[in-house]
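Biologist: I have not looked at this structure before, and I would like to learn how to read its features one at a time. Could you take me through them slowly?

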Amino acid sequence: MRIGIIEDDRLLCQALEIALQEAGYGTASAHTKKEAFSLFDGKEALLLIDIGLPDGDGVRLYQQLCREGKALHGNPREDRIPAIFLTARDEERDMLAAFDVGAEDYVVKPFSMKVLLKRIEVVLRRKSEGSILVCRDLELDPERKQVLLCGEEITLTAKEYRLLEYFMRNQGQVLTVDSLLQAVWGLDGEFVSENTVSVTIRRLRKKIEPDMSRPVYIRNVFGLGYRMGE
């Protein structure tokens with residue numbers, strides 16, 4: 001999952017790249033409007049856009065990207081790549097202008113990197129809710145709570161389902177045991193051992209992996225955790 005960064009402050013841009021990559025996201029960065037037009041191709045999961053760019057306004061840039069189809073996965077407006085705007089100006093008119101063009105959120109500098117990551121997580125979760133989640137031959141329908149493998153429905157326990165949904169919503173990211181405990185077990189995770197996570201993943205793998213000796217869906221990332229997809 002790649003996040004696009006459009007920020008002319010190179011130190012801040014570098015800090016954003018590091019924080020996002022440590023959180024498991026891929027990144028692509030531009031420092032000007034011109035660079036953004038040549039770099040971004042509509043495959044980003046989210047854009048972080050500085051309003052005050054050296055060669056123009058970030059809000060107008062987003063409008064232009066959308067108009068030219070570079071900030072879209074398709075033509076429908078609802079497929080627009082979500083954007084969070086960054087600015088050093090805490091002015092109402094700037095906020096309203098950002099929201100008028102479809103901003104998901106607005107962050108005033110300086111900001112907490114942890115808070116920004118949480119805002120990104122919320123935006124991406126909101127964007128994906130209700131959509132059919134797909135990974136290779138595996139499909140998960142969040143509304144119907146249904147899982148299909150090669151078109152055939154498979155039966156999962158509640159914990160297996162929640163674990164699979166969390167993996168499918170975070171494809172490509174390395175998920176630590178702690179993050180799985182928090183997302184799947186919640187407050188109960190404080191009283192659950194790491195072995196419970198590995199046992200639940202093993203049970204889930206038996207139901208979705210064509211070959212347990214060579215898993216293609218959920219892979220171990222040595223010393224870090226687990227990852228679904230590439």
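Modeller: Helices (H or I, at least four residues) and strands (E, at least two) are DSSP runs, numbered from the N terminus. Residues are numbered from 1 along each chain as its sequence is written, and side-chain values use heavy atoms, with hydrogens and water left out. This is a predicted model, in which local features need pLDDT of at least 70 and side-chain atom pairs count only at pLDDT 80 or more, while totals for chains, interfaces and linings use all residues.

Biologist: Where is Arg136 found?

Modeller: Arg136 sits in the loop between S8 and S9, and its phi is near 55°, a positive value in a residue other than glycine. Buried means under 20% relative accessible area and exposed over 50%, with partly exposed in between (1.4 Å probe, protein chains only); Arg136, with a relative accessible area of 58%, is exposed. Lys145, which lies in the loop between S9 and S10, also has a positive phi of about 55° although it is not a glycine, and at 53% relative accessibility Lys145 counts as exposed.

Biologist: Which strands make up the open sheet of four strands, and in what order?

Modeller: Strands of a sheet pair through backbone hydrogen bonds, either parallel or antiparallel. Two strands are taken to pair if DSSP finds at least two bridges between them. In this open sheet of four strands the order is S8-S9-S10-S11, with antiparallel pairing, and the edge strands, S8 and strand S11 (152-153), each pair on one side only. S10 and S11 pair over two bridges in the antiparallel sense, and Leu148 stands opposite Glu153 in S11. Helix H6 packs on this sheet, touching S8, S9 and S10, and its direction makes about 105° with that of S9. Contact means heavy atoms within 4.5 Å, and such angles run from 0 to 180 degrees between N-to-C directions of axes, which are lines fitted to C-alpha atoms, for helices over the stretch in contact.

Biologist: What is the order of the open sheet of three strands?

Modeller: That order is S12-S14-S13, with antiparallel pairing. Strand S12 (174-175) and S13 stand at the edges with a single partner strand each, so one side of each is left without a neighbour in the sheet. S12 and S14 pair in the antiparallel sense over two bridges, and Val174 stands opposite Arg227 in S14. H8 lies across S13 and S14, running at about 140° to S13.

Biologist: Which residues of H8 are buried?

Modeller: An α-helix has 3.6 residues a turn, so residues three or four places apart point the same way. In H8 the buried residues are Val197, Ser198, Thr200, Ile201, Leu204, Arg205 and Ile208. Seen down the axis of H8, these buried residues fall within an arc of 165°, so they line one face of the helix; the arc is that of the directions from the helix axis to the C-beta atoms. Their cover includes S9, S10, H6, H7, strand S13 (218-221) and S14. H8 has 15 residues and reaches 21 Å from its first C-alpha to its last, close to the 21 Å expected at 1.5 Å a residue, where the expected span is 1.5 Å times one less than the number of residues.

Biologist: Which residues of the largest nonpolar core touch the most other members?

Modeller: In soluble globular proteins, nonpolar side chains tend to be buried together. A nonpolar core is a set of buried Ala, Val, Leu, Ile, Met, Phe, Trp, Tyr and Cys residues joined through side-chain atoms within 4.5 Å. Of the 28 residues in the largest one, Leu138, Leu164, Phe167, Tyr217, Ile218 and Met228 touch the most other members. Among the elements that each supply at least two residues of this core are helix H6 (158-169), helix H7 (177-185), helix H8 (194-208) and strand S14 (225-228). A second, separate core of 21 residues includes Ala36, Phe40, Leu65 and Ala103. Leaving aside neighbours within four places in sequence, Phe167 is in contact with Leu175, Leu180, Ile201, Ile218, Tyr226, Arg227 and Met228.

Biologist: In what sense do S1 and strand S2 pair, and over how many bridges?

Modeller: S1 and strand S2 (residues 26-30) pair in the parallel sense over five bridges, with Ile6 opposite Ala30 in S2. Four of the five residues of strand S1 (residues 2-6) are buried, so this strand is largely enclosed by the rest of the structure.

Biologist: Which residues does a cis peptide bond join?

Modeller: The cis peptide bond joins Lys109 and Pro110, with omega about -10°, and Pro110 is in the loop between strand S7 (105-108) and helix H5 (113-128).
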